[in-house]
Amino acid sequence: MGKVKSAICLALITVVIAVLCVVCFVPFPCDGNGLNYFNSILGIAEKDAELGGYLIGETEYVGGGYTAVLYPEGVISGRDYENDLSASAEEDQAEYAEKYSSYADGAIYLEKETVLDGTEVSESFKKNFAHSVEVLTERIERLHLPSASVNVVDDYTVQVSLPASYSVAGAAFEYLGRMGELSVSFGSDASSAETIIPAQTGTEHPASYYIKSVTARTASGVSYVIFNMTDEGRAAIANATSGASSSYLYFNIGDEALITLTVSEQIDQSSLYISGSYDKDSSELVAAILDTTLESGTEDGLALSVGELHRDYASYGNSAQMMLYIALGVLLLASLVFFFVRYGRLGFAHLYTMLVYLIAMTLCIWAIDFLTLGMGSVLAVLFGAITLSVSDAMSYEYARKEYATGKTMTFAVKSGYKKCFFHIFDAHIVLAALGFITYFIALTELSVFAFTLGIGMFFAGLCSLAVNRFCWYIMMPFAKDKAKFCRFKREEVEEDD
Amino acid sequence: MTKHFYSLKKLPLFAAISAVILIVGIVLFALFGFNVESGAGKSFSVTYDAVVTIADGGERVEEVCENTFDSLGINYESKSETAPDLDNSSLAENGDYTVTYVFAEDVSSETLASARDTVESTLTGEFEGASVYVVVHEVAAGASFVEPVWRGAVALIVAAIVVLVYIGFRFGWGRTLTGLVLTVHDVLLTLALLAITRIPVAAFTPLLFAAAAVVISLFIWMVQCMKMRETFKDPAFRTMDAEEAVNECLKTSNKTVLYVVAAVAVVFIVVGAVAAPGVRAFFLPLLLPLAVSTYSSLVLGPMVYLPMKRMDDRSNAKKARYVGKKKAEKAEE
């Protein structure tokens, strides 16, 4: 390539990379008063619960997650007890106080009639509470949310944490605690609806006799909750809805309807797809709740309702992100110093390659829905950056060896790349395959790490084999002494006298 | 006769070292598990309203709490930043804030109750008309989710096998089998060392460490494989027996492996040194799988590979009807 063409190419690439760098990494105020703020792609990329939350508005992070305390019926918080007691009339206060018994040094209060058997917590309450916690844990596990947790607090309340990136966290807290049996009723309103799928767990016809499972599916941007019916279930719904014009099917947990489906004609399907206004998260939430209820809902299920709810900031602290960026900056600088010292101005080719890789990864983490910036993804990006640096160094070393044997620079580069092509290809394809295969099976943090590793290796390989070589190619024509440009030397051959 | 470092005779010694570490790790894991931060302990939460926030932004609350803890001689393990309380249905802030300190389980409830009374009375006295509520909770260990663990393990096994099949086609089945042995060894040894060293980790960390061990192990072994394949093409190596060839080859390839390992180590150390404590607690222990993979690739791997190289050589010799110079001389003797 001639000097002019190279200059044009180099100028264009430099401008594109510079603009993309600013867009991806540099936030800045757009006016003097700081009201308008340009946020970088890295800034608006979703962060996980450890590193930070997602961005709301322009500059404010919504924190790493939400934590709610769920109370079973008959248990209230110490604060609610105090507030209720002080709010009640003076003559009723003694009666109110008599209804409750302090527990865990006043952290919670137990309703004597519901919870206690004499002075002790009744065995049936303990058993039902333990079962509710088990079902709740199963539901949260099925949501496959990173950083979600369930802790029993003060023996009889449950603390649930969900990541802020979960779009239906508010609804999840409300619905996850619903306990009881699954039933389906049909009618023109909830109060007069007739139960068509009776829930008689442990008897001849439990709900699972009619419904095999409840699953969720998202296809072409539409999300569904799917009821997989048995023949008996299909017949029960078909019989009930025959001749229906404007009635409703109610899918209930205990006494409360979780789904209300408008019915305008007979429903006679082995799989009942309900779309409504669900998105992926909400359909999976509803399916998980209904399916666990189908599997282990009991008549005595102890519903859990939300008490205190607060926002958690990033668990690694507010400065974690900034410090991590500084660390990554130091690493980038160290890598550049090595390349500039060992390969002279060829270090620019590596710089351009590394920037293209980092830009590509940032855009992927921002654009791909399930990817978040967390420890797993940062580790994967770092693995990609290391592999890229090693590959670049390997290709330079091969070219150096070829040049040393007396070949021209152009031929040395060509020959060097030819010799190391399959080394670079193998290393990247192996790690990319490792990442993508793991992603398809694994869940939560590991799947994020694996997918990021997969795309990281893809881009690292592409950058090393294509971008690096192209940058080298267009930078070379500017060097008067090509060997000096790359700090390459010929082998010294001792001549015989 | 030159004594080689990589010799089959030494394999039992290194295998025994790994076995001892593994057994100790398994025993400790069976007894105590990993040192996972389960969230169990006692939480000390102070909730205050806008009266306090407007007066000083809540800083005084934290000051009072921490002074009280100091005076009672108790130390908290972690503190969650002051977080806004939310409305149950809309997730909108309701104006109250909560700051929570987490203490170890062995801190006595009486001491915390005393701290609660002191903090409550001090803050109520200082902020007239404010609503300040202090409560101490006993938090049990978090529920463990089993599905991500077993699916993660299956994922890593399947992915490693597929990758090793690819390596088999590219570098030969001897090196693949060695890679398989090394990957399994590295994952188990990393987890064993995690159990032995009792490094505190988050719930998801052991799985990520296992994944990191697979990635690093396969990567470093591939570097060895590439160098070996390239070196063994040299006609000089064709005349050597397996032990000599491997020893000669590794004189140069070990250097390359060490460069790669040094680069990865620098990355983990720099991130660990510069980053915030939580990030540091994740990155510095990553030196564990790196050290294990380096050990297995530089020491154990070549020894495991020796018998396979011998079998490869024998089968190649049969195919090519060619016997190495040294072997031919031996045969003549």
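Mentor: A residue is buried if 20 or more other C-beta atoms, placed from the backbone, lie within 10 Å of its own, exposed if 12 or fewer do, and partly exposed in between. This model is predicted, with local features requiring pLDDT of at least 70 and side-chain atom pairs pLDDT 80 or more, while totals for chains, interfaces and linings use all residues. Residues are numbered from 1 along each chain as its sequence is written, and chains are lettered from A and ligands numbered from 1 in the order written.

Trainee: Is A:R487 to be read as buried, exposed or partly exposed?

Mentor: A:R487 has 16 other C-beta atoms within 10 Å, so this residue is partly exposed. A:R487 is placed in the segment after α15 (482–486) of chain A; helices (H or I, at least four residues) and strands (E, at least two) are DSSP runs numbered from the N terminus.

Trainee: What is the value of phi in A:R487?

Mentor: Most residues other than glycine have a negative phi. In A:R487, phi is near 55°, a positive value in a residue that is not glycine. A:D154, also not a glycine, has a positive phi of about 50°. A:D154 sits in the loop joining β11 (149–153) and β12 (157–163) of chain A, and this residue counts as buried because 23 C-beta neighbours fall inside 10 Å.

Trainee: Where is B:E128 found, and does it count as buried or exposed?

Mentor: B:E128 lies in the loop between α4 (109–126) and β4 (132–139) of chain B. It counts as exposed because it has 8 C-beta neighbours inside 10 Å.

Trainee: In which order do the strands of the open sheet stand?

Mentor: Two strands pair if DSSP finds at least two bridges between them. Here 3 strands of chain A form an open sheet in the order β15-β16-β19, with antiparallel pairing. β15 (211–219) and β19 (271–274) of chain A are at the edges with a single partner strand each, so one side of each has no neighbour in the sheet. From one strand to the next, the twist averages 20°. Strand β16 (residues 222–229) of chain A is joined to the antiparallel β19(A) by 4 bridges, and A:F227 has A:L272 as its bridge partner in β19(A).

Trainee: How many residues of strand β20 of chain A are buried?

Mentor: In β20 (residues 304–312) of chain A, 7 of the 9 residues are buried, so the strand is largely enclosed by the rest of the structure. Strand β5 (residues 65–72) of chain A runs antiparallel to β20(A) and is joined to it by 7 bridges. A:Y66 has A:R311 as its bridge partner in β20(A).

Trainee: At what angle do helix α10 and helix α11 of chain A pack?

Mentor: Axes are lines fitted to C-alpha atoms, for helices over the stretch in contact, and angles run from 0 to 180 degrees between N-to-C directions. α10 (residues 320–343) and α11 (residues 347–367) of chain A pack at about 150°, their axes 8 Å apart. Among the α10(A) residues in this contact (C-beta atoms, placed from the backbone, within 7 Å) are A:L332, A:F339 and A:Y343, while the α11(A) side includes A:H350 and A:M354.

Trainee: How many residues of chain A are in contact with chain B?

Mentor: The contact involves 64 residues of chain A and 62 residues of chain B. Helix α13 (residues 409–441) of chain A supplies the largest share of the chain A side, 10 residues.

Definitions and conventions. Two residues are in contact if their C-beta atoms, placed from the backbone, lie within 7 Å.
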